[in-house]
Amino acid sequence: MALLILVCSSCVSWKQKMAILDSESQDLVEQVRVATESGRQEQAAELLKQAVASNPNNAAVRQQLSEFLIANGYSEEAIQQLQKTTVLAPDDPRPYIDLSYLLYEKKQYTDALKNLELGLTLDPTNIRALILKGELEELAGLNSSAVETYHRVLQVEPYNIVSRLKLAGLEIKLGEPNRATPILRPICHNTSATIDQRAEAQWMLGIAYGAEQRWTDSVASLEQALKNREQNSADDWYRMAYACLQANQMEKVYPAVTQALTLNPMHTETNRLSNFLTQQTNQINIQQASMYTPLQRPGFIGQEPERIPIETLQPPEGWERVTRHSVSSARLSSP
């Protein structure tokens, strides 16, 4: 009986001690909140470390510390805290998923997927985790699995724009642009999507149309996207020039070529296209496109210029599967 009383007394004492430690930790966490809101980040970090040190077995405090570290760019320290948190709280999916994202950023894909699977076992409908799983599957070349994963996201959240964009991009990559277009068209006019998301959807729609050889539609979509995207590369402007050439919209080829060469004067395929264009304009001494002299559309009197040999140009990425043929209609005509 005396031994039982002693054991019970010890249990009560241990519980009381843990309650005190938890209370101290929570007080420190509250101080962290105040310090963070006041912009005193260094003090907040020190207080969180004190909270963990005062009660190292408190998984909730460690989770809060890791979230603070992630938000402030301390990824290595966050990884250490999350690894300890998964041991202390093996039934909580959050540390597994947060850890997966950090490992993904460090290109430790195998470990990232391992932790992600553990997190999804605990929370199978976690949107954030499912999207990362799809990205990791794409990196591993498991495209069919990635398609299934993105569809899992849409089963949970049918209008998830991030997943729709990723799914559409994957369908284009797999040579199924006809499956991508109905996914992308609604996003282009979705006011709940960001401007960047709408522009990206418009751009991908242009690529999908091009893969289907719907060149006029492709030009219209790409042109709209170029206006709304924050950054466009020489490759992007070459894609525009190529689509315009295929659509026989020659008046749009010239400014696209100029833009591409302005961004990258050494862009191989754009230079080849520019050479084809300028070969037909030598007789009127037109200047070639460069950073300083935009290529102008020439006029011709009483003669028909030779066609642009588009079949000799390298198609932009994603359009390699398009059957290349002689485009005799892609001619320069009088303005």
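## Salt bridges and helix packing

Both Arg229 and Asp236 are buried, and the side chains of these two residues meet in a salt bridge with an N to O distance of 3.2 Å. The model is a predicted one, and the structure holds 11 salt bridges, of which the pairs described below are examples.

**Salt bridges**

- Arg229 and Asp236 belong, together with Glu200, to a network in which the three residues are linked by salt bridges.
- In another pair, the side chains of Lys133 and Glu137 meet in a salt bridge, at 2.5 Å from N to O; these residues lie 4 residues apart in helix α7 (residues 127-139), and so they are separated by about one helical turn.
- Lys133 counts as buried because its relative accessibility is 10%, and Glu137 is likewise buried, with a relative accessible area of 6%, both values falling under the 20% cut-off for burial.
- Lys166 forms a salt bridge with Glu135, and the closest N and O atoms of that pair are 2.7 Å apart.

**Packing of α5 and α6**

- Helix α5 (residues 93-105) packs with helix α6 (residues 109-122) at an angle of about 160 degrees, and their axes are 8 Å apart, which makes α5 roughly antiparallel to α6, the cut-off for that description being an angle over 145 degrees.
- The crossing of α5 and α6 is left-handed.
- On the α5 side the contact includes Pro93, Tyr96, Ile97, Leu99, Ser100, Leu103 and Tyr104, and these meet Tyr109, Asp111, Ala112, Asn115, Leu116, Leu118, Gly119 and Leu122 in α6.
- Sorted by class, the residues of the contact of α5 with α6 comprise 11 nonpolar, 3 polar and 1 charged.

**Packing of α7 and α8**

- The axes of α7 and helix α8 (residues 143-156) come within 8 Å and cross at roughly 165 degrees, and α7 is therefore roughly antiparallel to α8.
- The crossing of α7 and α8 is left-handed, and the contact is made by Ile127, Leu130, Ile131, Lys133, Gly134, Glu135, Glu137 and Glu138 of α7 together with Asn143, Ser145, Ala146, Thr149, Tyr150, Arg152, Val153 and Val156 of α8.
- The residues of the contact of α7 with α8 divide into 7 nonpolar, 4 polar and 5 charged.
- Among the α7 residues in this contact are Lys133, Glu135 and Glu137, and salt bridges join Lys133 to Glu137 and Glu135 to Lys166.

**Surroundings of Tyr150**

- Tyr150 is found in helix α8 and is buried, with a relative accessible area of 0%.
- Leaving aside residues up to four places away in sequence, Tyr150 touches Ile131, Gly134, Glu135, Glu138, Ser163, Lys166, Leu167 and Leu170, a list that includes Glu135 and Lys166, the two partners of the salt bridge at 2.7 Å.
- Tyr150 and Ser163 are 13 residues apart in sequence, while their C-alpha atoms are 5.7 Å apart in space.

Note on methods
Residues are numbered from 1 along each chain as its sequence is written. This is a predicted model: local features need pLDDT of at least 70, side-chain atom pairs count only at pLDDT 80 or more; totals for chains, interfaces and linings use all residues. Side-chain values use heavy atoms; hydrogens and water are left out. Axes are lines fitted to C-alpha atoms, for helices over the stretch in contact, and angles run from 0 to 180 degrees between N-to-C directions. Helices (H or I, at least four residues) and strands (E, at least two) are DSSP runs, numbered from the N terminus. Angles under 35 degrees count as roughly parallel, over 145 as roughly antiparallel, 65 to 115 as roughly perpendicular and the rest as oblique. A crossing is left-handed if the near helix is turned anticlockwise from the far one by less than a right angle, and right-handed if clockwise. Contact means heavy atoms within 4.5 Å. Ala, Val, Leu, Ile, Met, Phe, Trp, Tyr, Cys and Pro count as nonpolar, Asp, Glu, Lys and Arg as charged, and the others, Gly among them, as polar. A salt bridge is a side-chain nitrogen of Lys or Arg within 4 Å of a carboxyl oxygen of Asp or Glu. Buried means under 20% relative accessible area, exposed over 50%, partly exposed in between (1.4 Å probe, protein chains only).
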